[in-house]
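Work through each task with the structure open before turning to the solution.

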Amino acid sequence: MHKFSHIISLFLLCTGLALGGCGKASAPPQGQTGAASDSLKILTIGTADSGGTMYPVGKAISGVVEDSDSTLKLNVSASTGSAGNVRSLEQGSIDLGLVSGDVAFAAVNGSGEFKDAPFKGLKVIAALYPSISNWMARDDSGIFYVHDLKGNKLGVGPHDSTTELAAKVSLSVLGVTEQNSTLVNCGLGSGAEEVKNRTLDAIHGFTGVPISGLANLADAVPCHLLKYTDSELRSIIRSNPFYYMEEIPAGTYNGQDENVATFGIKCLLCVSENMSDDLVYEITSILYENRDRLKYLHPALSYASQTGFMYEDLPIELHPGAERYYAEQGLLQEHSR
């Protein structure tokens, strides 16, 4: 179960509130929005490895929510990523979690790693950005395409993460397996450092761009993104219909002078169905009304400002509180989910 890093300080803070409105950090929200309560409500949002995109996106969400409603406080928690966040939401040890769309679908439908333990109560507030496949290697590695990775030592992301899943999906389609290559679980930051030091030949990231760990790597030593061929991308997408064609824009990383074709999937802000409708409505309204501000807090969040991105084509159902907000804005009448 997910553990809070500051549980003692949270306990002291909660017990000191005059209205006694804060329970244990792991307790489900009590359904009071900031507008309806004078007490401080402390929530925790699960993200991922601090070297990736989920963590700074979580920080951006926290900042926007807290600036908009002084009765809400969002603590940002690093984690192993999407699957871990789903389990923590189910257990009640976090209140919100960033979850890749494929993992969310698997959790609700009881497929993949959730085959024996689905979480049908997982709901979504909004899609925030796409996770995009990034493979990076040093310029002096002699590796330029993802299919060139066969026989090398590769950082595929943290264990049980969507980064690892996407790496293994793409590699298997291209014939790169654990039998002919060395696949290493590692954080994006630590893995990038290993590529820098030549103890790994390449590192995979699957999150919003730019990925901070990869950006730091490209700033430190000459590096480049590895490419997929068009036919390889089509094969990858056929094997997982949640993926779609995407591009990493030129200039995303130091030394990158052209767009790089790749694949991606939407990253969702998820909650349990047990979170109160009013609280979800409040958070949804804050995020939607600040969608233009979000893109300035992290480049990956520029997608949230695109028409329909937050509420269209979602792999799982909206939470009723989020659905109510979007419906009141007339958005669900104009765009299908």
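Predicted model: local features only at pLDDT ≥ 70, side-chain atom pairs only at ≥ 80, totals over all residues.

**Exercise 1.** Decide whether α3 is mostly covered or mostly open, and name its buried residues.

*Solution.* Take buried as under 20% relative accessible area, exposed as over 50%, and partly exposed as in between (1.4 Å probe, protein chains only). By this criterion seven of the ten residues of α3, which spans residues 82-91, are buried, and the helix is mostly covered. The buried residues are Ser82, Ala83, Gly84, Asn85, Val86, Ser88 and Leu89. For the protein, 57% of the 337 residues count as buried.

**Exercise 2.** Describe the largest nonpolar core and the surroundings of Ile61.

*Solution.* A nonpolar core is a set of buried Ala, Val, Leu, Ile, Met, Phe, Trp, Tyr and Cys residues joined through side-chain atoms within 4.5 Å. The largest has 81 residues, and those with the most contacts inside it are Ile61, Leu96, Leu122, Tyr253 and Tyr326. Strand β4 (residues 122-138) gives the most to this core, with nine residues. Leaving aside neighbours within four places in sequence, Ile61 is in contact (heavy atoms within 4.5 Å) with Ile45, Leu74, Leu98, Leu128, Leu269 and Leu287. A second, separate core of 24 residues includes Trp135, Leu171, Val176 and Tyr243.

**Exercise 3.** Determine which elements and which classes of residue line the largest cavity.

*Solution.* On a 1 Å grid over the protein atoms alone, a cavity is a set of points where a 1.4 Å probe fits but cannot get out, and lining residues have an atom within 4 Å of a point. Of the 17 lining residues, the closest to the centre of the largest cavity are Ala48, Met54, Thr163, Phe206 and Thr207. β4, α5 (162-173) and β7 (202-207) each supply at least two residues of the lining. By class, the lining has six nonpolar, ten polar and one charged residues, where Ala, Val, Leu, Ile, Met, Phe, Trp, Tyr, Cys and Pro count as nonpolar, Asp, Glu, Lys and Arg as charged, and the others, Gly among them, as polar.

How values were computed:
Residues numbered from 1 in each chain as written. Heavy atoms only, no water. Helix = DSSP H or I, 4+ residues; strand = E, 2+ residues; numbered from the N terminus. 1 Å grid on protein atoms, 1.4 Å probe; cavity = no way out; pocket = protein on both sides within 12 Å on 5 of 7 lines; lining within 4 Å.
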